[in-house]
Amino acid sequence: MCYVLFMAGSWCTHIFPRRCLVCGECDTVILGLCSRCRSQIRAVPEPICDICGKPIGVPGECIQCRMKRPSFDRMISVGVFDGLLKDIIHSFKYNNATVFKKPLAGLMFDLLSQKGIHADMITFVPLHWTRMISRGYNQAALIAHELSGYMGIDMRYNVIRKVRKTLNQVGLKRSERMNNLRGVFVSGKVKGKDVMVVDDVITTGSTAQEVSASLKRAGASNVIFASVGRIIR
Ligand SMILES: [Zn+2]
Ligand SMILES: [Zn+2]
């Protein structure tokens, strides 16, 4: 998807801020995305599990969540991580296309408003400091910051810390993923609070489990995990 790379972060977006950041279209643009590009983003098919947000056959809670409650209270995602959404997130994450923080946060805001989801504070899945230096920004933090403005909820930067570097979770077996993440996140300053954690993509849910567990150990009342994309298997 060369359009994304072409438009994102270029002078065009500053001189023509009302253009779609993906295709350059000028009409029907809201927060950098035209209606045609928005329509290409595939929502997670309903009904979804009330807890983990996975598509299920009938409304309610899925079998896995009923058998073993996740450490988070709710997980919700804007869309399936494929097609245009995947291209946008990829550019945002790896090609410095930070201009996409507004449309991505806008899509999250629409979904959270529609579902009536609120929290006392918004934070994000942290990167290890070495990764932060090499990439120069944390894509989840940029979205969380925009989202906090749209929702009028306090943004908190220091409630979750990643204290150890981890291997890439992709390609690891379930047991390896859990070992890879064990004790990696440490949280604080959340006692009695409803915390919303923002991430760009939820792949297996293992990171969400560990982050949420650390928030609960620190006394959080509720943890809502919100992402832009989600891999649906
Ligand atoms: Zn467009
Ligand atoms: Zn579930």
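1. Val 44 lies in the loop between H3 and H4, where helices (H or I, at least four residues) and strands (E, at least two) are DSSP runs, numbered from the N terminus. With a relative accessible area of 9%, Val 44 is buried, a word that here means under 20% relative accessible area, while exposed means over 50% and partly exposed anything in between (1.4 Å probe, protein chains only). Leaving aside residues up to four places away in sequence, Val 44 touches Gly 53, Pro 55, Ser 77, Val 78, Gly 79, Val 80 and Ile 232, contact being heavy atoms within 4.5 Å. The C-alpha atoms of Val 44 and Gly 24, by comparison, are separated by 26 Å, although the two residues are 20 residues apart along the chain.

2. A word on the basis of these values: this is a predicted model, in which local features need pLDDT of at least 70 and side-chain atom pairs count only at pLDDT 80 or more, whereas totals for chains, interfaces and linings use all residues. Residues are numbered from 1 along each chain as its sequence is written, chains are lettered from A and ligands numbered from 1 in the order in which they are written, and side-chain values use heavy atoms, with hydrogens and water left out.

3. The zinc ion (ligand 1) is coordinated at 2.3 Å by the SG atoms of Cys 20, Cys 23, Cys 34 and Cys 37, where donors are N, O and S atoms within 2.8 Å of the metal (3.2 Å for Na, K and Ca), and where sites may look incomplete because water is not among the atoms. Along the chain these donors follow the spacing C-x2-C-x10-C-x2-C. Cys 23 lies in the loop between helix H2 (11-15) and strand E1 (29-30) and Cys 37 in helix H3, so the pair ties together parts that are 14 residues apart in sequence. Cys 23 counts as partly exposed, at 26% relative accessibility, whereas Cys 37 counts as buried, at 2%. The site of this zinc ion (ligand 1) is tetrahedral, with angles of 104 to 115° among its four donor atoms; four donors count as tetrahedral if all angles lie between 85 and 135 degrees.

4. Cys 49 lies in the loop between helix H3 (35-39) and helix H4 (63-67) and Cys 65 in helix H4, so the pair ties together parts that are 16 residues apart in sequence. Cys 49 and Cys 65 are both buried.

5. Five strands form an open sheet with parallel pairing, in the order E3-E9-E8-E4-E5, two strands being paired if DSSP finds at least two bridges between them. Strand E3 (74-80) and strand E5 (154-155) stand at the edges with a single partner strand each, so one side of each is left without a neighbour in the sheet. Six bridges join E3 to strand E9 (residues 222-230), and the two run parallel; Gly 79, which is also among the residues touched by Val 44, has Gly 229 as its bridge partner in E9.

6. Two helices lie across this sheet's strands. Helix H6 (residues 101-115) lies across E3, strand E8 (194-202) and E9, running at about 130° to E3, where axes are lines fitted to C-alpha atoms, for helices over the stretch in contact, and angles run from 0 to 180 degrees between N-to-C directions. Helix H8 (residues 139-151) lies across strand E4 (121-124), E5, E8 and E9, running at about 130° to E8.

7. The structure holds nine salt bridges, each a side-chain nitrogen of Lys or Arg within 4 Å of a carboxyl oxygen of Asp or Glu. In one of them Lys 93 pairs with Asp 200, the closest N and O atoms being 3.2 Å apart; this pair links distant parts of the chain, Lys 93 in helix H5 (residues 83-94) and Asp 200 in strand E8, 107 residues apart. Both Lys 93 and Asp 200 are buried.

Conventions:
Four donors count as tetrahedral if all angles lie between 85 and 135 degrees; four count as square planar and six as octahedral if opposite donors are over 155 degrees apart and all others between 65 and 115; anything else is irregular.
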